[in-house]
Amino acid sequence: MASEDRSSPERFDVVVIGSGSGNTVFGKEFADLKVALVDSGTFAGTCLNKGCIPSKMFVRPADLAAAVDEAARIGVDLQFNGASFPAIRDRIFSRIDPISAEQLAFRQGLENTTVFTEEASFVDPHTLQVGRRRITADQIVLAAGSRPRVPELLGIDDPRWSHRIHTSDTIMRIDDLPERIVILGGGFIAAEFAHVFSALGSKVTVINRSGRMLRREDIDVSKRFTEQLAWRASLRMSEDLVALEEDAGGHLVVVTVDPYGIDYMYPADIVLNATGRIPNSDRLNLPAAGVDVDDNGFVVVDEHQRTSVPHIWALGDICFPGLLKHVANAEARVVRHNLLNPDALISSDHRFVPHAVFSDPQVASVGATEQTLRQSDTPYVSFTQQYADVAYGWAMEDTSHFVKLLGDPSTRTLLGAHIIGPQAATLIQVAIQAMSFGQKVDDVARGQYWIHPALPEVVENALLGLAKEMDRA
């Protein structure tokens, strides 16, 4: 093992650990400061290299492949003759990989910036061990992100079949489309890759401890999504993982047990572990710095993104349990301002954080779900508008999807919005804006034009329906 460099530590004004959204902290305003960026992984972080962007670039060809059934409903005869997984993969990463390399080269070329490509860990509140070197900083930003959770499953770390067990970090770079894939989990990642692989031609089995997919969504959305995905993938709900093993024929097998104690075995060419992600806080030796984490390992921050140590800040997946890139980017803007303006700190606004699931069907949500409102005894009214009842929904022959709105009858504002169906991630933006700016349901519905017969009319009609329910409350 290489010995540590015990020479005097190099001093920096600001050090950022993590090159995803952390890479956006340093702008031209830092030109007069000596700064460092530390990341031992692929430069530019998870979203660009292993997450949001490449996965959605896989979703696009999956959407096209899945359009065959939709076309048949409206009298168009399409055929799906297969997909070239290597061609899809290479199109995606031939664009993404150069971006990562260019961003690294840009940072390395700045006179005031030093890039470290080794892991960092705290020695004391101002000192970091980075590879063999020690560095100190007046201000430190934790943007080290998250990684896939490894479930407690007998055999999951067996080297004999480790090359056949993947996470979202590796699944998109496999050599070819598997004939059979077993997906572990029922959240965002499981839902999106179940769509991708089933649409492109794999036989997909999803194993989930919960009784529904996307169980944290509004209950009506979760139920509808589970029903619809079950037409395209084998959903094994309410089953606990027991083991991974190999049968006599050399096939990888996932063993589970249901609530009645009955064992099941599912053969797979590839297993995708999509059981969640955990923050990378445990890799930084945070106790040496005095930085507090919660019971789930997320760094505790105040409204200014400041940790329990005043000169140490945090942003993104390492401190926000929602694990959303748009939140990490917003928090990076807050941290950048606060580093430059210590006497005029600004706060992050996490009141109305939206998210979307780019599966089939698509799902988008912002605000409270009906079950959380019930649990908190919050007064509310609800209205659900079917896609089928607006003109563009007729054109699509859509009979399965809806917009569900939850509102406060006293203030006539939105408490939550939940959409399942085509363009959900786009349609939800109207609700995000209304909630963020405190707009009343009536004003949003009637204070602007809605293009006819565009699909946003389904949101307009949902708002009008909710307003009537508020009148009755």
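## Basis of the model

The structure is a predicted model, in which local features need pLDDT of at least 70 and side-chain atom pairs count only at pLDDT 80 or more, while totals for chains, interfaces and linings use all residues. Residues are numbered from 1 along each chain as its sequence is written, and side-chain values use heavy atoms, with hydrogens and water left out.

## The second largest pocket

The second largest pocket holds about 1,000 Å³ of space. A pocket here is an open set of points on a 1 Å grid over the protein atoms alone, where a 1.4 Å probe fits and protein lies on both sides within 12 Å along at least five of seven lines; lining residues have an atom within 4 Å of a point. Grid points are joined across faces, edges and corners, and the volume is the space filled by probe spheres set on the points.

The lining of this pocket is made up of 30 residues, and those nearest its centre are Ala66, Glu70, Arg73, Asp360 and His401. Helices α2 (52–73), α4 (188–200) and α8 (391–396) each supply at least two lining residues, and α2 gives the most, with 10 residues; helices (H or I, at least four residues) and strands (E, at least two) are DSSP runs numbered from the N terminus. Domain 2 (159–275) and domain 3 (361–472) each contribute at least three residues to the lining, the domain bounds being taken from an automatic or database domain assignment. By class, the lining has 12 nonpolar, 9 polar and 9 charged residues, where Ala, Val, Leu, Ile, Met, Phe, Trp, Tyr, Cys and Pro count as nonpolar, Asp, Glu, Lys and Arg as charged, and the others, Gly among them, as polar.

## His401 and its surroundings

His401, one of the residues nearest the centre of the second largest pocket, lies in the loop between α8 and β21. With a relative accessibility of 10%, His401 counts as buried, a class that means under 20% relative accessible area, with exposed meaning over 50% and partly exposed in between (1.4 Å probe, protein chains only). His401 and Arg224 are 177 residues apart along the chain, yet their C-alpha atoms are separated by 8.2 Å.

## A parallel open sheet

Five strands form an open sheet in the order β8-β15-β9-β10-β11, with parallel pairing. Its edge strands are β8 (165–166) and β11 (234–237), each of which pairs on one side only; two strands pair if DSSP finds at least two bridges between them. Within this sheet, strand β9 (residues 180–184) and strand β10 (residues 203–208) pair in the parallel sense over 5 bridges, and Val206 in β10 is the bridge partner of Ile183.

## Sites annotated in UniProt

An unreviewed UniProt entry gives the annotation "binding site" for Gly185, Gly186, Gly187, Phe188, Ile189, Ala190, Ala191, Glu192 and Gly276. Although these positions are spread over 92 residues of sequence, they cluster in space, with a largest C-alpha distance of 13.2 Å. Among them, Gly187 lies in the loop between β9 and α4 and is partly exposed at 27% relative accessibility, whereas Phe188 is placed in helix α4 and is partly exposed with a relative accessible area of 32%.

The feature "binding site" (unreviewed entry) is also placed by UniProt at Lys56 and Asp317. Lys56 lies in helix α2 and counts as partly exposed at 26% relative accessibility. UniProt positions are given in the numbering used here, feature names are shortened, and annotations may be inferred rather than shown by experiment.

Most residues other than glycine have a negative phi, and most peptide bonds are trans. The peptide bond from Asp360 to Pro361 is cis, with omega near 10 degrees, and Pro361 is in the loop between β18 (355–357) and β19 (363–367). Asp360 is also one of the residues nearest the centre of the second largest pocket. Another cis peptide bond joins His452 and Pro453, with omega about 5 degrees; Pro453 lies in the loop between α11 (441–446) and α12 (457–472).

Arg412, which is not a glycine, has a positive phi of about 60 degrees; Arg412 lies in the loop between β21 (402–408) and β22 (413–420) and counts as buried at 18% relative accessibility. Gln423 likewise has a positive phi, near 65 degrees. Gln423 lies in the loop between β22 and α9 (424–427) and is partly exposed, with a relative accessible area of 39%.
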